[in-house]
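Colleague: I am new to this structure and would be grateful for a guided reading. Could you show me how to approach its features one at a time?

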Amino acid sequence: MTPARLRTLALGALPPLLVFGVVVLLWHAAVTMLRLPAYLVPSPLLVAESARANAGMLLRATGLTALGALGGLALSFVVGVLVAFAFSQSRLVQRCFYPYAIFLQTVPVVAIAPLIIIWFGQGYLSVVLVAFVISLFPIVTNGTAGLTDVDPNLLELFEIHNASRAQVLWKLRVPNSVPYLVNGVRISSGLSVIGAIVGEFFASYGRDRFGLGYLIQATSGLLDTATLFAAILASTFLGLAIFGAVTLVGNAIVARWKE
Amino acid sequence: MPDSPASAPAAPAFVSARGLGMVFRGGIEALRDVTLDVARGDFVALVGPSGCGKSTLLRLVAGLIAPTGGELAVDGLAPRQARRERHDMAFVFQQPALLPWRTVADNVGLPLELDGQGRAARRERIDELLDLVGLREFARTHPHQLSGGMRMRVSLARALVGRPGLLLLDEPFGALDEITRQRLNEELRRLWASQGFTALFVTHNVFEAAFLAQRVVVMSPRPGRIACELAVPFESERTPALRARPEFAAFCGAVSRELQEAHR
C-alpha cells in the first residue's frame, strides 16, 4: 500500500472512530450520572471487563457462529446460483417458482427456525440451514438479474455472429452475472450472520459448545447484561468482518468488469 | 455511377430490397415500399432524421428482425439464412458494445472464437486488425481504460476480424466529438478501400455520408421511404482536404436540400 493510500484510508477511518469515542463517553456519562443499574445498562468499562474476563469463551462462540454463517452462505451461494440458472433458462420456470422465492423472503426467519430444528434436529446442520434460508434470496434475485439483464446490443452481436445458445450462456450471460452475484453475496453475508445467531437461539451444538446466539439468550436470562453487551458487540464485529472480507474479495474479482 | 444496378439486371445485387415494408407489433409503420439495391463492394450511406426507419432497414438486412412486407435478399438468400450459411456479416452498433471483462484483443477475437477458431489461429488475425486500427499496444488493456474513439476502433476491428463481405454500421460515430468522428471517417474509408467489404452506413450526418459513401440514399420520415439516391461525385480522393473543397460543400448542400424536400 502506498503512503498516499494509507493516508486516505486513515482519513476515511477517522470520523467514524471519533463518533465511536464520543458515543462511548456519552454512554459512560449517562450510566454514572443517571445511576443506571448494571443489569439494565452496564457501563462501557464493565462491558470491557466482562469481554476480557470471558475472552476465550467469546472467541470460541464467535468462531462457531462464524462457521454456521459461512456454511449457510456457501450453501446459499451454490443453491442460489443453480436456481438463478434455472430461472434464466426458462421464463416458465421463473414464473412458476419466483413467487415462492419471494415467499421465502417474506416469512420471518425466526418463524422458520423452529421448524428446521424439528426436521433436522439439534446441531450444526440446523444452524447452517437457518442461515441458508435467510441468505438465499439475494443470491437468487441478483444471479437471475445478472444472467438476464444483458445489454441488448451484446445479445444482437452474438446473434449476428451466429453464436449457439451455449456460447451466449458461457461467454456472455455468465460473465455478465459476476458483478451482480458479488453484490448478492455481499448482501447475503450480513444476513447469514443474523441467520446463524437466530438458528443458535433454537439449536445448540452440544454440551459446552455454543455460539453467540446461545450466549445472548443465556446471558439475558441470567441478567448478565455486561456479557450480553459483549456478545452483541462480538456479533456485530463478526458481521462486519464477513461483510468486509466478502467486499474485498468481490472488489478484486469485479475490478475487470468496470464499465 | 458506372455500375448502377438498374443498368445491369443480369448480375443480381448483393443486397436487394423490393417493396420492403415493416410494421411493428404496436402498429407503428417504420418502413413502406423500400426498394434498394446494393452492389458488391459498394459503400452506401442511408441518411435521414431519427425515427425514419433507417436503423430498422439495417436490422432487417442483418436478419435480426423479419419484414412484414416485400422481399429482401442478401446474396440471393433470406438475410438470416445468408448470415447463417455464409458467415459473412458484421454489425457496428451506436455504442462500442464491447465486453467489459475482456481485454481489447479478446474483444476483437470474439467473432473468430464464436466461429470455433483456435487460439493460435486467432492471435495472428487479431494482431493484424489491431495494427490496422492502430491499437496494437493496447491489446492487453480493458475497454474502460480507453477513450470513446479508441473503443469505437476496437468495435471496428472486431467487426472486420472475420473478413465480412457485408458490414452494417448503425450511426457508429454519433456519440463521438467532431474531431474524433472525422478521424474515424477517414479510417473507415481507408479500411473499406483496403479490405474490400460492402458497407451499409446509417447516419443523420450529411457531411459524414458525403465523405464516406459512393452513394447517398436519402430517407423520408415515418413511414420511412426512399426519397432519392445521389451518386457521390468525388471518386477516389477522400482525404481531410476534401472537406474544404467547394465541390464537397456543394454536394452536402444538395443532400441537405433533398432531406428538406423529403420532410416537407
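Predicted model: local features only at pLDDT ≥ 70, side-chain atom pairs only at ≥ 80, totals over all residues.

Colleague: Where does B:Ser155 lie, and which residues is B:Ser155 in contact with, leaving aside its neighbours within four places in sequence?

Modeller: B:Ser155 belongs to helix 6 of chain B, which covers residues 148–160. Once its neighbours within four places in sequence are set aside, B:Ser155 is in contact with B:Val92, B:Pro96 and B:Leu98.

Colleague: Is A:Ser188 buried or exposed?

Modeller: A:Ser188 has a relative accessibility of 0%, so it counts as buried. A:Ser188 sits in helix 8 of chain A, residues 165–202. Its contacts, apart from neighbours within four places in sequence, are A:Leu73, A:Ser135, A:Pro138 and A:Ile139.

Colleague: How should I describe chain A as a whole, and how many helices and strands does its secondary structure come to?

Modeller: One starts with the inventory of elements and then turns to dimensions and contacts. Chain A has 10 helices and 0 strands, and its pattern along the sequence reads α-α-α-α-α-α-α-α-α-α. The C-alpha trace spans about 75 × 55 × 30 Å along its principal axes. Chain A has 259 residues, of which 41% count as buried. Among contacts in chain A with a separation of 6 or more, 76% come from residues 24 or more positions apart.

Colleague: Let us turn to the strands of chain B. In which sense do strand 1 and strand 2 of chain B pair, parallel or antiparallel?

Modeller: For a pair of strands, one notes the sense, the bridges and the link between them. Strand 1 (residues 15–23) and strand 2 (residues 29–38) of chain B pair in the antiparallel sense, over 6 bridges. One bridge joins B:Val23 to B:Glu29 in strand 2 of chain B. These two strands of chain B form a hairpin with 5 residues between them, and B:Gly27 in the turn has a positive phi of about 100°.

Colleague: Why is strand 6 of chain B described as largely enclosed by the rest of the structure?

Modeller: One counts its buried residues and then examines each face. Strand 6 of chain B, residues 166–170, is largely enclosed by the rest of the structure because 5 of its 5 residues are buried. On one side are B:Leu166, B:Leu168 and B:Asp170, on the other B:Leu167 and B:Leu169, and all are buried, so that both faces are covered.

Colleague: Which strands of chain B pair with strand 6 of chain B?

Modeller: Strand 5 of chain B pairs with strand 6 of chain B in the parallel sense over 4 bridges, and B:Met89 has B:Leu166 as its bridge partner. Strand 7 of chain B, residues 198–203, also pairs with strand 6 of chain B in the parallel sense, over 5 bridges. There, B:Asp170 stands opposite B:Val202 of strand 7.

Colleague: Finally, how does one read an interface, and how many residues does the contact take from chain B and from chain A?

Modeller: The contact takes 25 residues from chain B and 20 residues from chain A. Together the chains bury about 2300 Å², with 62% of it on carbon and sulfur atoms. In chain B, the residues that lose the most area to chain A are B:Trp101, B:Leu114 and B:His144, together 33% of what that side buries.

Colleague: How many salt bridges does the rule find across the interface of chain B and chain A?

Modeller: The rule finds 5 salt bridges across that interface. One of them joins the side chains of A:Glu159 and B:Arg80, at 3.5 Å from N to O. There are also 6 residue pairs in polar contact between chain B and chain A, both residues being at pLDDT 80 or more. Helix 2 (79–86), strand 5 (89–92) and helix 4 (110–114) of chain B each give two or more residues to the side that touches chain A. Helix 4 of chain B gives the most, with 4 residues. By class, this side of chain B has 14 nonpolar, 4 polar and 7 charged residues.

Key. Residues numbered from 1 in each chain as written. Chains lettered and ligands numbered in written order. Heavy atoms only, no water. Contact = heavy atoms within 4.5 Å. Buried area = accessible area lost by both parts, 1.4 Å probe. Salt bridge = Lys/Arg side-chain N within 4 Å of Asp/Glu carboxyl O. Polar contact = N/O pair within 3.5 Å; in protein donor to acceptor, adjacent residues only side chain to side chain. Nonpolar A, V, L, I, M, F, W, Y, C, P; charged D, E, K, R; others polar. Buried < 20%, exposed > 50% of the residue type's maximum accessible area, 1.4 Å probe, protein only. Pairing = 2+ DSSP bridges.
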